[in-house]
Amino acid sequence: MGTLEQLRDAIVEGQAADAVAEMKRGLDEDIPVQTLLDDGLMVAMHRVGQLFEEGEIYVPEMLVSSHAMTAALEVLRPSIVEQGVRSSGRVAIGTVKGDLHDIGKNLVAMMLQGSGFEIDDLGADVYPERFVQAIRDGAEVIGMSALLTTTMTNMREVVEAIGDAGLRDRVAIVVGGAPITQVYADEIGADGYARDASKAVRLVQEVLGRLKATDGRGATTH
Amino acid sequence: MAAAPQRISVEFQPLGRRADVAAGTTILAAARSVGVGLASACGGQGTCGSCRVRVAEGEVTPLSDAERSRLTAAEIARRDRLACQAAPRADVRIEIPPESLTTTQRLQLEGRALEVELDPAVAAFEVSITPPALDDLRADVTRLRDGLEGIDGLAVKRPRIGLAVLAELPPCLRAEDWSVRVAIHRPASEVVAVRPSGSPLLGLAVDLGTTKLAAYLVDLDTGRTVGRAGAMNPQISYGEDVLRRIAHANAGPAESGALREDVAGAVALLAGELCGEIDTDPSAIVDCVFVGNTAMHHLFAGLPVRQLGEAPYVAVVSDPLDLRAADLGLTFAAGARAYLPPLIAGYVGADHVAMLLATGAAERTGTVLALDVGTNTEISLAHDGRLWSCSTASGPAFEGAHITDGMRAAPGAIERVHYRDGGFLVQTVADRPAVGICGSGILDAVAEALRAGIIDTRGTLSHSHPLVTGHNGRAACVLVPAARTGHRRDIVFTRSDVSEIQLAKGAIRAGTALLLEAAGIDAAQLDEIIVAGAFGTYLDVRSAIRIGLLPDLSEDRFRQVGNAAGAGACQLLISRERRRLAVELAGRAQYLELTTHPAFEQHFIAAMGF
């Protein structure tokens, strides 16, 4: 079995130590960084997402697999930086003000990373101004998470702060977390809602596509 | 192309049972489809009114003529309906009043506890007073105080007497011919009641659970518990978990007031019921102790809860509250007292302190781990005279929620599961035909499925096992086939249910691991593991060890203690020393915040497999 295949299996099986070893082997074998990323990590995480959607695996396995992927990605990171590999887009993600729960947010961040996105992880208990700053720093998508009924209301403040800063057109906003619904996302004026980490990846790809299409139209009318 | 028939979800509270039905199905039929025993004397004709329920959320069909004639205007205004007449039009939440349930839920009231020496905060003294005369015109109060002067063991000088007690004093003294029993709250040096000579002196201890209230009536002269009663927490109609209730209270003073009054009303009913059983009335209650998680504590005391719902989740007050029962809206003896013990943190409440007291967990030498498993699991570790506590979000799976066929521990709930000779043997609450699975049942099911090789170490169901079938397009393991259930449908558990258990036990094990790490010790060093609460009492320790919820130690180190919080509250009623110790314990506990702990996620992930 080839290194790439073993790398993918280690990630899908959630074996972090094996994933790290296979990634190191891949680098030793001079497999191109882009190939390790695309055919190794991204294909593995796509498979994880698929298994999840099919009901074959659940959040526990997805968490374990994501951690294995992240461990392997860390091995690759210096080479990514060195070679200036382009990402699919830049996503700033954080748990909103007043909420310290970040395991769900971290899972979404890892799944996005495994799909080639560059992640600016703002952490937990993130104030609206920090999200606004992340857009100024280049984020194209803002992802917000809340686990508590009592903190989800702080998402609205972030959407408003982004509007007040005049940055609403430059960014797509997506939300998620246990108490969040599509209705709530619509109500606060977010661009999308995903109920799990796998759907979140597709949602981000979709809203980013829409955002870029709008940008394109914007350019032609000028 | 024909549209797919619309499915509607009907949630029944306080049972926590859900039905998935076709549009047009009545609430009564929906209840029966999932084995919820709803009274229906007339057999669904709309004539008896015994199936009255309340629509807490969601849209249902308009009132029928039968309902208009059976329900009062007030009932209609609060969205009461007859379950046999109304059909949901969209997803709904239905509340079943106790009288409409054919069987009552099992409430956890017993708690094994240490014996404590009787020394209540409120003590009573028999006093004989010289009646007034034309040459002795002292006021009644002066006369009472002078009478108290000569009493041995009173230890308080000239206690204060509040207005409510003053108002009762003259008629009582005269009716009792100047010989009375004076109840004095010694810490505050205050007269709380003047009662007929020889009359009993009662205390009320209440565990204010998020789901259930458990009340104990205690004879303060003997220290004995003379009555126990339980009720559902009426706040459930504002949301099952404390966060929803905090969100509701945040809406304004009317909302937070309603939350407070609902619990006070339920406590008053329980007190009346318990006093009635011993042929007295709540005016004999001179002291109360209330324990509960921090949110319940704050809501009951009428304190703001907004800051509990947002990081860093701090309490208004962690010191004990020594109040008058009247401050809490309770009408007991004229000057009756109320004590709310100290708490440790926003999510480690006075109920946990009471549990530690009742079990002596933090007092004995040696190393003790004490857990109270619920939607939030509070864990404390006592080692070497030190005490560490944390709270971990274990979710409602062990209370039967978020589980395909989950339900609370009501009759018909599977509470024990054993795998033998290729099949499952189950035991249900009250030996009724199975209609769902409660927490201890789902724990057993996962442990036994693991032992039988039906699920692997990652939690995946083995498709090749004969008991694994398709269920709504997903793999499921049949626990009880339709032919043997109370509602003629298979009772199953799915990969999703296993996943809920994995997340719950991962959170509990991660919390345990970080406490052990903070103390610098290993699980093998634990001399005792105390498991409290309803689920903690009924769970099978071997199953809990097998799935990795509890550390793998010999069974004799485990102690399952029932509602220890209630037992702790009773101790606080009868012992001033226990009140002092509660303050000492809460002050000594070092709270560990897990959500921001850098090692939490790693431990959580590591603890999720089997």
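Let's start with B:P312, which sits in the loop between helix 8 and strand 14 of chain B. Helices here are DSSP runs of H or I with at least four residues, strands are E runs of at least two, and both are numbered from the N terminus. The peptide bond leading from B:A311 into B:P312 is cis, and its omega is near 5°. Most residues other than glycine have a negative phi, and most peptide bonds are trans. B:Y313 counts as buried because its relative accessibility is 7%. (Buried means under 20% relative accessible area, exposed means over 50%, and partly exposed is in between, using a 1.4 Å probe and protein chains only.)

A quick word on what you're looking at: this is a predicted model, where local features need pLDDT of at least 70 and side-chain atom pairs count only at pLDDT 80 or more, while totals for chains, interfaces and linings use all residues. Residues are numbered from 1 along each chain as its sequence is written, chains are lettered from A and ligands numbered from 1 in the order in which they are written, and side-chain values use heavy atoms, with hydrogens and water left out.

Back in chain B, B:W178 has a positive phi too, near 70°, in a residue other than glycine. Look for B:W178 in the loop between helix 5 (163–175) and strand 8 (179–185) of chain B. B:W178 counts as buried because its relative accessibility is 9%.

Now follow helix 5 of chain B to its contact with helix 4 (residues 140–149) of chain B: the two pack at about 75°, with axes 10 Å apart. The axes are lines fitted to C-alpha atoms, for helices over the stretch in contact, and angles run from 0 to 180 degrees between N-to-C directions. That makes helix 4 and helix 5 of chain B roughly perpendicular to each other. (Angles under 35 degrees count as roughly parallel, over 145 as roughly antiparallel, 65 to 115 as roughly perpendicular, and the rest as oblique.) From helix 4 of chain B come B:D140, B:V141 and B:L144, which meet B:L166, B:L169, B:P170, B:L173 and B:R174 of helix 5 of chain B; contact means heavy atoms within 4.5 Å. The residues of this contact between helix 4 and helix 5 of chain B are six nonpolar, no polar and two charged. Here Ala, Val, Leu, Ile, Met, Phe, Trp, Tyr, Cys and Pro count as nonpolar, Asp, Glu, Lys and Arg as charged, and the others, Gly among them, as polar.

Next, the sheets. In chain B, six strands form an open sheet with mixed pairing, in the order 12-11-10-13-15-14; two strands pair if DSSP finds at least two bridges between them. Strand 12 (225–232) and strand 14 (321–324) of chain B are at the edges with a single partner strand each, so one side of each has no neighbour in the sheet. Strand 12 of chain B runs antiparallel to strand 11 (residues 212–219) of chain B, and seven bridges join them. One bridge pairs B:Y216 with B:R228 in strand 12 of chain B. Helix 8 (residues 294–301) of chain B packs on this sheet, touching strand 10 (202–208), strand 13 (285–292), strand 14 and strand 15 (337–340) of chain B.

Chain A has a sheet as well: five strands form an open, parallel one in the order 2-1-3-4-5. Its edges are strand 2 (118–126) and strand 5 (192–193) of chain A, each with a single partner strand, so one side of each is left without a neighbour in the sheet. Between strand 1 (residues 90–96) and strand 3 (residues 141–145) of chain A, the parallel pairing covers five bridges, and A:G94 stands opposite A:M144 in strand 3 of chain A.

Finally, how confident is the predictor in chain A? The mean pLDDT of chain A is 92, and 96% of its residues reach 70 or more; pLDDT is the predictor's confidence in each residue, from 0 to 100. Over residues 217–222 of chain A, though, pLDDT stays under 50. Where pLDDT is low, the predicted coordinates should not be read in detail.
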